[in-house]
Amino acid sequence: MSALPTVEDLKAQIEASLPGAAVTVIPNGSPSAQHSLLLDHEHARAVALFLRDHPDLRLDFCSLVTGVDWLDTETTEKIKVKKMVAGPDGSEIEQEVEETRKMKVPGYLEAIYHLFSMEKKHGPVILRLRTANRTDQTHVPSLTPVWRSCEFQEREAFDLYGIVFDGHPDLRRILMWEGFQDFPMRKDYVPPADDSLAPLPFASLQRASTKEARP
Amino acid sequence: MNIPQHPWWTVIALLLGAVAFGITPLALAWLWAKVFSPQKPGAEKNATYECGLESKGDAWIQFGASYYLYAIVFLVFDVEAVFLLPFAVAFTSLSAGACLSMLVFLVLLAEGLVWACQKGMLTWA
Amino acid sequence: MADDLKELKIELSKNGIFTTTLEELYNWGRKNSVWPLTFGLACCAIEMIATTMARYDLARFGAEVFRPSPRQADLIIVSGTVTKKMAPQVVRLYNQMPEPKYVIAMGACAISGGPFRDGYNVLRGIDRYIPVDVHIPGCPPRPEALIHAFMTLQKKIDEQALRGESRPRHLHADAPSEFPVPEFGAHGLEPAQNDEVFLNETGNPLRVIQ
């Protein structure tokens, strides 16, 4: 069993052999410490081929493809701004004032790949691909041409999250039917309203059961 | 008593009895359906395919004949085993002629196996 | 049957004379040869299979013949989770069964969606589309529960009248034998339920004569 290089080393190796490839290390603070590599769209397939074919890495098995939905978030930060404020005597003086600003961070969809090596018996190496946003630019390059095992799982991510994999040989819905329009694993998915039965009021049920218990 | 004594009488009586035995339940069922239960045919109820899915495409399509070859190869081994077992059990008490005919049989089957091998039947995928 | 006739019948049986009616004979024959459809959907089907095997032996109730074709079946045991993708097939199979036909909804999923009720892909009870005769709760119900449901169904068959307004659906000429199959829509099944069948929250369902 050969030891797998750390993500930082992997990033260095990739960037050395593929000039221009932008690889970002996404740290994982949990005890498992499974750090992952965020790839850019243009070089994703080249990086994948590099990881698969490099004689020391030979990551020949993609065990898992999944999607994650990151919603739009709002962050607030406090910044100090210089402002002209009316002084006590009526003249304007410059003063530093704290202001809170709201920043909207656009959400994105993420496809995650877990790679192992059957030959070297090591892994996992985790790759991430992110879409530009959640609404109209939901394309990422498909890695099915590199690992055939991605085919159905990328279809599943397409079906449930709406991530469009460019270059996938057969991108159709796999679990839901053709003609279904929603992406049910997205966090803002709401099931159709006519499909829910109004829940029975719990209090009335409780009263009924106690009445039965004590005649 | 003046029972007709024609020799075919019993046969005719039995025949009538047998026909009645078959027809009576059917007639009763038919009558029951007429009197009590209304018929309710429908497009879906009368559909040909009965697996819950709607049938599509044409049933008159060509199937690959290669499965037929697998059946023949199966026969080579299967018939061989069926005939070889009694042969092996009675081997010591058999005459030379019987052994010879058994060998001819084996050669015929082995020939079939060689033929299948040459056709590439024994390689998978 | 009128009460004096019933008394007469009891009186006769006390004297060793057995009498019956056509209706009783008919129902006795039907309830003891209910043939289910070979049809399993999820884990409840395993319990259904166990029920038919030697230990629980559903054959004691005349239901050992699981028919592989809906044309020959009297009963469909909806055993397990009905996904929205499977619901049209279940309804179509039910439609293809000849009358009289019965439905047992087995397990929490088949009666209401069960633990998967809030999922995007699970139908919240098969009684939205086809009339269910017996519901069995449980996850999965034990074979005894299925046997109990089966006996309940037998009792129900035994009480069905041959004539009169209270006769069951299959003896009414104008009552439907086929139920509309839901279509795959853009957001879910369309329609979401068959109001002719489904007991909805308004509490005033237009029920099919059962």
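Q: Hi! How much area is buried between chain C and chain A?
A: About 1,600 Å², with carbon and sulfur atoms giving 54% of that; buried area is the accessible area (1.4 Å probe) that two parts lose on being put together, summed over both. This is a predicted model, where local features need pLDDT of at least 70, side-chain atom pairs count only at pLDDT 80 or more, and totals for chains, interfaces and linings use all residues. Side-chain values use heavy atoms, without hydrogens and water, residues are numbered from 1 along each chain as its sequence is written, and chains are lettered from A and ligands numbered from 1 in the order in which they are written.

Q: Nice. How many residues does each side bring to the contact?
A: Chain C gives 17 and chain A gives 18, where contact means heavy atoms within 4.5 Å.

Q: And how many salt bridges cross there?
A: Zero between chain C and chain A, taking a salt bridge as a side-chain nitrogen of Lys or Arg within 4 Å of a carboxyl oxygen of Asp or Glu.

Q: OK, switching to the whole structure: how many are there over all chains?
A: The search finds 19 salt bridges. One pairs Glu110(A) with Arg130(A), their closest N and O atoms 2.6 Å apart.

Q: Is Glu110(A) buried or exposed?
A: Glu110(A) is buried, at 0% relative accessibility, while Arg130(A) is partly exposed at 22%. Buried is under 20% relative accessible area, exposed over 50%, partly exposed in between (1.4 Å probe, protein chains only).
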